[in-house]
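Have a look at the structure, then read on.

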Amino acid sequence: MITLCRSTSLRSLLLPALLATLALVGTGCKKATRVAQGNKDQIFHYGNGGEPSDLDPQNVQGVPEHHIIKALFEGLVTMHPKDLSAQPGVAERWEVSPDGKTFTFTLRANARWSDGQPVTADDFVQSYERILNPKFAAPYAENLYLMVGAEEYNKGKLTDFTQVGVKAPEKRKLQITLRAPAPFFIGMLRHYSWFPVPMGTVTKFGKKYDKGNPWTRPENIVSNGPFTLKEWKPNDKIVVQKNPRYWDENSVQLKEIHFYPIDSTDTEELAFRAGELHATNKVPASKTDAYKQAGTTLRIEPYYGVYYYRVNMDPQKGSNPALKKAEVRRALALSIDREAIVKNVLRGGELAAWSFVPPGPGGYQTRDKLKYDPEGARKLLADAGYPGGKGVPKISILINTAEDHKAVAEAVQAMWKKELGIEVEINNQEWKVYLAAQNNMDYMVSRSGWIADYPDPNSFLGIHTTGNGNNNTGFASPKFDKLVVDSWSAGASGKRTGMLQEAEGLLLADMPVVPIYFYTRRYLIQSSVKGWFANMLDDHPWKYIYLDPAAPPDRLPVLGTAR
Amino acid sequence: MPLVAEETQPPPEPFEAPPILDVASHEGEAGHSLWQDAWARLRRNRLAVICGGFLIAIAVLCFVGPLFTQDPNAQELSRYITAPTWEHWMGTDTHGRDLFARVLAGGRVSLMVGLCATVVSLVIGVLYGTVAGYLGGKVDAVMMRFVDAVYAMPFIIFVILLMVLFGRNFLLLFVALGAVEWLTMARIVRGQVMALRRTEFIEAADALGLPKSRIIFRHLIPNTLGPVIVFTTLTIPAIMLQEAFLSFLGLGVPPPDASWGTLINEGAKSMEEYPWLLLFPGLALAVTLFSLNFLGDGLRDALDPRASKD
Amino acid sequence: MLKFIASRLVQTVGVVWLVATLTFVLVRFAPGSPFDQERNVSPEIKANMEKRYGLDQPVWKQYVNYFGPLIAHGDFGPSFKYSNRTVTEIIGDALPISFEMGFWALLVALTLGVGAGVLASLRRNTALDWLPMSLSLVGISVPIFVVGPLLIVTFSIHLGWFNVNGWNEPADRVLPSLTLGFYYAAYFARLTRGGMLEVLSQDFIRTARAKGASEGRVVLRHALRGGVLPVVSFLGPALAGIVTGSFTIETIFHIPGLGRYFIQAALNRDYTLVMGTVILFASLIGLLNLLADVLLAWLNPRVKLD
C-alpha cells in the first residue's frame with residue numbers, strides 16, 4: 001500500500017509543475033497578430049489551398065500553382081483586375097493583321113528578368129518550343145494549339161519548329177500566327193502556359209527538357225514578374241518578395257507575399273480567425289452563416305464555371321441502356337430541383353444552372369434554357385418506354401469522395417427516385433479511381449466540374465467536340481463540331497453568338513451533360529486588403545493589391561462560445 | 001508444426017498444474033468448468049452486469065429501433081440542420097434527415113463492423129501470437145517477419161486493389177479491417193507468451209510432454225486474457241473510426257446510409273456551429289465503448305484464475 | 001545477443017525488399033496514373049509524359065530501372081508529383097520534423113500513460129483508478145480530428161497562446177505533440193493497467209510485500225517489469241506510427257511532416273514517393289520491433305532471444 005503521505009507529496013509536486021508550465025507558455029499572451037503586423041509591413045499572408053507541384057510555368061496545371069506563378073512571371077498581356085480586359089504586360093502594344101490571324105507584339109524596352117537580362121522575343125519563341133516539345137511532355141501544351149503547327153509539333157508529326165506560327169523578326173517584335181482568327185486569343189494569353197521562361201537559367205541548372213530541373217528553386221530561379229522567389233519550404237510556406245527590376249516596379253506596393261499551402265479548409269478558417277491570414281482560398285460551407293452574420297470578411301462571388309453530371313451515352317461503353325436514350329437523359333435533367341439544391345444543400349450563393357455556359361463576360365446568353373419540370377420529365381420517360389421509371393436499370397452516380405459532392409448526389413438521388421421512380425446508388429471513389437473510371441468511360445452518371453481558362457463561352461463548348469479529351473460522354477455530333485470550329489472564324493459578332501447559342505442548344509437537346517449549378521468563389525478576406533476585386537475568373541493580379549494599416553480590425557464570428 | 005514429433009513420445013502422466021496459474025485445473029477438481037466459475041463471478045460484478053445489459057439494450061435499439069423511427073434517409077431539404085426538438089430528438093442534418101433515426105441505423109453498421117472485425121482480429125491475432133511466442137526460434141522469426149511485412153504494406157493501395165478485384169462489397173470491409181487489426185494483437189500476445197513460456201508450469205507441462213495444442217489452448221491463451229481483453233476493448237472504437245476512412249476510399253457504407261464513423265466525421269466539420277451533429281453519434285460511440293470496457297474489466301476479473309483467492 | 005541482432009537485421013532487409021517489391025507491383029495495378037488530372041490531357045500528351053518517366057516500359061524493366069540506382073547509390077528518384085524535388089529530399093526535409101514531434105508525443109504518452117496506468121492499478125476501484133481510466137477512454141473514443149480543432153479553438157483563438165499553424169517557433173510544438181501524445185497515452189494507460197493488474201496478483205509480489213519491501217520498491221523493481229510487457233509489445237508499431245507522423249495532426253496544424261506524404265503519395269499515385277515512404281516505414285517497423293524485442297528480454301529475464 002502506498003502511504004497517504006506519499007501520494008500527497010506526489011500531488012503537491014504535480015500541481016506547481018503544471019502551473020509553472022502553463023505560466024511559462026502563457027507569457028506570450030495575445031501578441032500582435034500576423035495580419036496586423038503584415039498590414040504595417042505590407043506583407044500579405046495568403047492561404048494558397050495546396051502545395052504547388054512545381055513553379056515552372058510550363059510544368060504545372062493547377063490553381064495553387066497559378067496563384068504563385070502569376071506573382072513570379074508575366075506574359076505578353078495581363079488582365080485588368082476588375083473587368084478582365086487585356087492590359088499590356090511584357091508587350092506594350094500589339095497589332096492584328098486584317099484577316100485576324102497574325103498578331104504582332106511589341107515588347108517593352110524595360111521588360112527584364114530579375115538577373116537584369118532583357119526579356120526578348122526570342123525568349124518567347126524558345127519557351128514555346130520547350131512547352132510544345134514532345135520530349136518535355138508539358139501537361140498544358142494543348143493550350144497553345146491555336147497557333148499554326150503547334151499541335152502537329154507537340155504530337156511529333158512536325159519536327160521543324162520554324163514551321164510553327166511563332167517568330168521573332170526583331171529583338172522586341174514577336175509574331176504569332178493562328179489557325180483561325182479566334183476572338184478569345186488575347187484572353188488566353190493570361191494563362192501561365194503562355195508565359196516566358198528564362199531559357200539561360202533553365203539550361204544552366206539542368207537539361208532543357210528535364211522535369212526535375214532545379215532551376216525553380218529559390219537559390220536558382222530567375223523570373224520577370226512583379227515578385228521574385230525568396231523562400232520555398234515545402235508544405236510549410238512560400239515567400240515571394242518585390243522584384244526591383246520589374247518594369248512597373250513603382251505600382252507594386254506589397255513587399256512580400258507569404259503563401260501557406262494549407263490543404264484543409266477548416267485549418268485555413270481557424271488560421272484566419274486567429275489573425276494569421278489576410279485571405280483564405282476557401283471557407284467551409286458550415287461556417288458561411290456565422291461569417292455572414294459577423295461582418296464583412298466573407299466574400300461570395302460568381303465564378304466562371306459549371307458543376308454538372310456527365311451521362312455515359314456511348315453506344316459501346318455505356319453500361320446502362322436507358323441512358324443511351326436522349327429522352328431519358330432529358331428527363332433526368334428536368335427532374336432536378338436545382339433551386340432547392342442551391343438554396344438548401346449548398347447554401348453558398350451558387351446559381352442554379354439552367355444551361356451549360358454560365359452567364360458571363362461578353363453578354364452571352366443561352367437561348368434554350370432548361371427548366372424544372374417533373375411532369376414533363378415523367379412524360380419523356382414514358383415516351384422512351386419506361387413509364388413510371390419501370391425498366392430503367394439502377395443508375396449509379398460516380399463521385400469522388402467529398403462532402404459537397406456527396407450532399408448534391410444524395411439530393412439528386414432522392415429527386416430521381418421521387419419524381420421518376422428510378423433507383424439510384426451513389427458510388428463514391430477516391431480521386432484517382434474516380435478519374436480513371438471517368439476517363440475509361442466506366443461509369444453511368446459522373447459528377448464533373450469545368451472552370452474556364454479564358455473569359456469566353458468557347459471554353460465551355462469546345463470540350464464537347466467529338467474526341468476532345470474532356471468530352472468523356474460519348475457525345476459526338478458533327479453538326480455541333482462544325483458550329484464550334486466555324487465560330488472561331490466568325491469574329492466577335494452577333495453571328496458568332498448565334499452559332500454558339502445554336503451549338504449549346506444541340507448540347508442541351510441531347511443532354512450528355514446535366515448542368516446542376518454555377519460555381520461561386522467563397523472565401524474570407526480581411527478588410528485591410530485593398531485593390532482586390534471580384535471577377536469571374538477569380539484572378540486578382542498581385543501588383544494592384546496593397547494593405548491598409550489604418551483599417552480597423554474585422555469583426556469575426558465567435559464560434560463555439562456563442563451557443 | 002512439429003506436433004507430430006511429440007506424439008511419438010510416451011503418453012504423458014495425468015498432469016496437474018499448480019492450481020494458482022493453471023485455469024484448466026479448475027475443471028476437474030470442483031466439477032464445474034472455468035466458464036461456469038467465471039460466469040458466476042461475472043454475475044456478482046454489478047457494474048459489469050449493468051454494462052452488459054446496457055450493451056444489449058444499445059444493440060437491440062439499433063437493430064430494432066429503425067423499424068419504428070422515421071426513415072433515416074427521408075429528406076426534407078428545407079429543414080437544413082435544426083436543433084433537437086420533440087419531433088426530432090437529436091435534430092436534423094444537412095438534408096433535413098432525422099438524426100436520431102440515422103444514429104440508430106448507423107449503429108447497426110458500426111456495431112456489426114466493430115464486432116465482426118474485432119472477432120476476426122481476436123481469433124487470428126491471439127492464435128497467431130501464441131503459436132509464434134510459444135514455438136519461438138525460426139517459426140517465431142518467420143511468423144513475426146510476416147506480420148512486419150503486412151504491417152508495412154501501404155493500406156490505401158491494398159484497399160483500392162481489393163475493390164478493383166472484388167467490387168464494392170460489404171464483406172470486404174471486414175477483410176480489410178481484420179487484415180490490419182490482428183497484427184498488433186498478435187504482437188502483444190506473443191510478448192506475453194514469450195514471458196510465460198519459461199515459467200515453471202509451462203516448462204513442467206513441456207517436460208511432461210503434454211500435446212502442444214493442449215498447452216496452447218489450456219495453459220497459454222487463458223493466461224494472456226488480461227492484456228487481450230484490454231486491447232480488444234481498444235480495438236473496437238479504432239475499427240469503428242477506421243470504417244469511416246474506408247468509406248472515404250469507397251469501401252464502407254454507401255451514401256446515403258450512415259455509420260457512427262461517418263456521422264462523427266461529418267459532425268466534426270461543423271462542431272462549433274452545430275455541436276449536436278457530433279455530440280449524439282459521438283456519445284453513442286463513447287457510451288458503447290465505456291460499457292464494453294467495464295464489461296471487459298469484469299470479464300478479465302472473472303476469468304482471472306487467481307482472483308478467487310483474494 | 002549480438003548474433004540475434006545481426007540475424008534480425010538480415011531478416012529485416014529481407015522483409016523490406018519483399019514489401020518494396022510487392023508495393024512496386026501493386027501500386028502499378030491500382031487504377032489511375034500519376035498523370036490523371038481532372039482536366040484531361042490528350043492521349044498524345046499523356047503518352048509523352050509516360051514515356052518521360054519510363055512508364056511505357058514493361059513492369060520488370062521499370063523494376064530494374066528503379067532498384068538499380070537505388071541499390072547502387074541509394075537514389076530514390078524524383079517525385080512524380082513534386083517534380084523538382086527528389087524523394088530523398090522530401091523525406092529528408094520531413095522526417096526530422098516528424099521525429100521531433102514523435103519524441104515530444106512519446107514523452108507525453110509514456111509519462112502520462114504509464115504513470116496513470118500504474119497509479120490506477122495500485123489504487124484499483126478508487127477515484128485514482130476511475131478518473132484517469134475514464135479520461136483514457138475519452139482519449140480513445142474522441143478522434144484526433146475533434147481533439148485537434150478543440151485545442152486550437154481554446155488555446156490559439158480564445159486564449160491566443162499559440163499559433164494555429166506552422167512549425168517554426170518552439171511554442172508551435174506544444175499543441176500537436178499533446179494531441180498525438182494524448183492519443184497514445186490513452187492506449188499506454190490502459191495497457192499498463194491491464195499488465196500491472198496481471199502482475200500484482202502474482203505470488204512473487206505478495207512475497208516481496210510480505211518480506212516488508214517498500215511499496216515503491218515492489219512496484220518499481222518487481223511489478224513494473226512485468227506490467228509494462230503489453231506496452232513494450234505495442235511499442236514497436238506504436239513508435240513507427242509516432243515517428244513517421246500523423247496525417248490528421250499534420251493536416252490540422254499544417255505541419256510539414258512526413259505523415260501527410262504517406263497518404264498523399266498513395267492518393268496521388270506518386271509511385272516513387274510511395275516506394276520511398278514504404279521502404280522507410282518497413283525499415284522502421286523492422287528496427288523498432290527489434291528494439292521492442294530486446295527491451296522485452298531485458299525487462300523479463302525469462303524471455304530468451306533465440
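## Inside the cores

The largest nonpolar core holds 275 residues, and those with the most contacts inside it are Phe44(A), Leu76(A), Phe105(A), Leu132(A), Ile176(A) and Trp542(A). Helix α13 (residues 271–299) of chain C gives the largest share of this core, 16 residues. A nonpolar core here is a set of buried Ala, Val, Leu, Ile, Met, Phe, Trp, Tyr and Cys residues joined through side-chain atoms within 4.5 Å. Buried means under 20% relative accessible area, exposed over 50%, and partly exposed in between (1.4 Å probe, protein chains only). Helices (H or I, at least four residues) and strands (E, at least two) are DSSP runs, numbered from the N terminus.

Before going further, some ground rules: this is a predicted model, where local features need pLDDT of at least 70 and side-chain atom pairs count only at pLDDT 80 or more, while totals for chains, interfaces and linings use all residues. Residues are numbered from 1 along each chain as its sequence is written, chains are lettered from A and ligands numbered from 1 in the order in which they are written, and side-chain values use heavy atoms, with hydrogens and water left out.

Back to Ile176(A): leaving aside its neighbours within four places in sequence, Ile176(A) is in contact (heavy atoms within 4.5 Å) with residues including Leu76(A), Phe105(A), Tyr128(A), Met147(A), Phe185(A) and Trp194(A). There's also a second, separate core of 47 residues, and Ile341(A), Leu346(A), Ala377(A) and Val445(A) are among them.

## A covered helix and a buried Asn

Helix α14 (residues 431–439) of chain A is largely enclosed by the rest of the structure, because 7 of its 9 residues are buried. Those are Lys432(A), Val433(A), Tyr434(A), Leu435(A), Ala436(A), Ala437(A) and Gln438(A). What covers them? The cover includes β11 (298–311), β13 (395–400), β14 (424–429) and β15 (445–451) of chain A, plus α7 (155–166) of chain B and α12 of chain C. After α14(A) comes Met441(A), with a positive phi near 60°.

Elsewhere in chain A, Asn39(A) sits in helix α2 (residues 34–41). Asn39(A) is buried, at 8% relative accessible area. Leaving aside neighbours within four places in sequence, Asn39(A) is in contact with His278(A), Ser528(A), Leu547(A), Asp548(A) and Pro549(A).

## Where the chains meet

Chain C and chain A bury about 5500 Å² between them, 49% of it on carbon and sulfur atoms. Buried area is the accessible area (1.4 Å probe) that two parts lose on being put together, summed over both. In chain C, Glu38(C), Arg39(C) and Asn84(C) lose the most area to chain A, together 14% of what that side buries. This contact takes 53 residues from chain C and 73 from chain A.

Chain A also meets chain B: 28 residues of chain A are in contact with 23 of chain B. The area buried there is about 2300 Å², with carbon and sulfur atoms giving 50%.
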